[in-house]
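Please keep the sequence and the model open side by side. These notes are meant to be read with both in view.

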Amino acid sequence: QVQLVESGGGLVQAGGSLRLSCAASGRTFSRYTMGWFRQAPGKERQFVAARSHTGLITSYADSVKGRFTISRDNAKNTVYLQMNSLKPEDTAVYYCAVSKSYSTTNYDFWGQGTQVTVSS
């Protein structure tokens, strides 16, 4: 089992920035692919970004490319999502997740989510 706790969400104006953090329990964090997903009201959960356990492979949704950056610190068992140039359509609950193999869809453990609200 892996427990994930997100933080860093909040209210920001359009054009602003936020940095989300996700702290993971467990000794095998460095073996997992880490991902971020989001779910807006009335919409399905969608993939945002992923980073492989080595950090060498990353993927981003087209809607966030060039604005969001996923990073990880294996020594701190933490993954980050730096979000710049935020838009109102980025408003959602953001979840971090763990996958035992590199994926943008299939994840094994999930955090509880953190709300991000972008005002226009």
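This is a predicted model: local features need pLDDT of at least 70, side-chain atom pairs count only at pLDDT 80 or more; totals for chains, interfaces and linings use all residues.

1. Residue numbers start from 1 along each chain as its sequence is written.

2. **Salt bridges, the count.** How many salt bridges does a search of the whole structure find? The search gives three.

3. **D90 with R38.** D90 and R38 form a salt bridge. Their closest N and O atoms are 2.9 Å apart. D90 sits in the loop between strand 8 (78–83) and strand 9 (92–99), while R38 belongs to strand 4 (residues 33–39), so the pair ties together parts that are 52 residues apart in sequence. Both D90 and R38 are buried.

4. **D90 with R67.** The side chains of D90 and R67 meet in a salt bridge, with 2.7 Å from N to O. R67 lies in the loop between strand 6 and strand 7 (68–73) and D90 in the loop between strand 8 and strand 9, so this pair ties together parts that are 23 residues apart in sequence. Is D90 buried or exposed? D90 is buried, because its relative accessible area is 0%, and buried means under 20%. R67 has a relative accessible area of 10%, so R67 is buried too.

5. **The network.** Now put the two pairs together. R38, R67 and D90 are linked in a network of salt bridges. Find D90 in the model, then trace to R38 and to R67.

6. **D62 with K65.** Another salt bridge joins the side chains of D62 and K65. The N to O distance is 3.2 Å. D62 is exposed, because its relative accessible area is 65%, and exposed means over 50%.

7. **The disulfide.** The count comes to one disulfide. Which cysteines does the disulfide join? C22 is joined to C96, with 1.9 Å from S to S. The torsion about the S-S bond is about 40°, so the disulfide is right-handed. The pair links distant parts of the chain: C22 is in strand 3 (residues 18–24) and C96 is in strand 9, 74 residues apart. C22 is buried, with a relative accessible area of 0%. C96 is buried, also at 0%.

8. **A nonpolar patch.** Turn to the surface. L56, I57 and Y102 make a nonpolar surface patch of about 310 Å². L56 is in the loop between strand 5 (46–51) and strand 6 (58–60). Is L56 buried or exposed? L56 counts as exposed because its relative accessibility is 74%.

9. **Q82.** Q82 lies in strand 8. Its relative accessible area is 28%, so Q82 is partly exposed. Leaving aside neighbours within four places in sequence, Q82 is in contact with S17, L18, R19, R67, F68 and T69. One of these, R67, also forms a salt bridge with D90. The side chain of Q82 makes a polar contact with the side chain of N84, at 2.9 Å. Q82 and Y102 are 20 residues apart in sequence and 21 Å apart in space, C-alpha to C-alpha.

10. **Y60.** Y60 is in strand 6. Y60 counts as partly exposed because its relative accessibility is 21%. Beyond neighbours within four places in sequence, its contacts are F47, V48, A49, K65, F68, T69 and I70. A polar atom of the Y60 side chain lies 2.9 Å from the backbone nitrogen of I70. Y60 and Q82 are 22 residues apart in sequence and 12 Å apart in space, C-alpha to C-alpha.

11. **Positive phi angles.** Two residues deserve a check of the backbone. N77 is not a glycine, yet its phi is positive, at about 55°. N77 lies in the loop between strand 7 and strand 8. N77 is buried, with a relative accessible area of 17%. S85 is also a residue other than glycine with a positive phi, near 50°. S85 is found in the loop between strand 8 and strand 9. At 42% relative accessibility, S85 counts as partly exposed.

Key:
Side-chain values use heavy atoms; hydrogens and water are left out. Patches are made of residues with over 30% relative accessible area and no salt bridge: like charges are joined within 9 Å, nonpolar side chains (Val, Leu, Ile, Met, Phe, Trp, Tyr) within 5 Å. Accessible areas come from the Shrake-Rupley method with a 1.4 Å probe; for residues, only the protein chains shown count as cover. A salt bridge is a side-chain nitrogen of Lys or Arg within 4 Å of a carboxyl oxygen of Asp or Glu. Helices (H or I, at least four residues) and strands (E, at least two) are DSSP runs, numbered from the N terminus. Buried means under 20% relative accessible area, exposed over 50%, partly exposed in between (1.4 Å probe, protein chains only). A disulfide is a pair of cysteine sulfur atoms within 2.5 Å. Contact means heavy atoms within 4.5 Å. A polar contact is a pair of N or O atoms within 3.5 Å; within protein, one must be able to donate a hydrogen and the other to accept it, and residues adjacent in sequence count only if both atoms are side-chain atoms.
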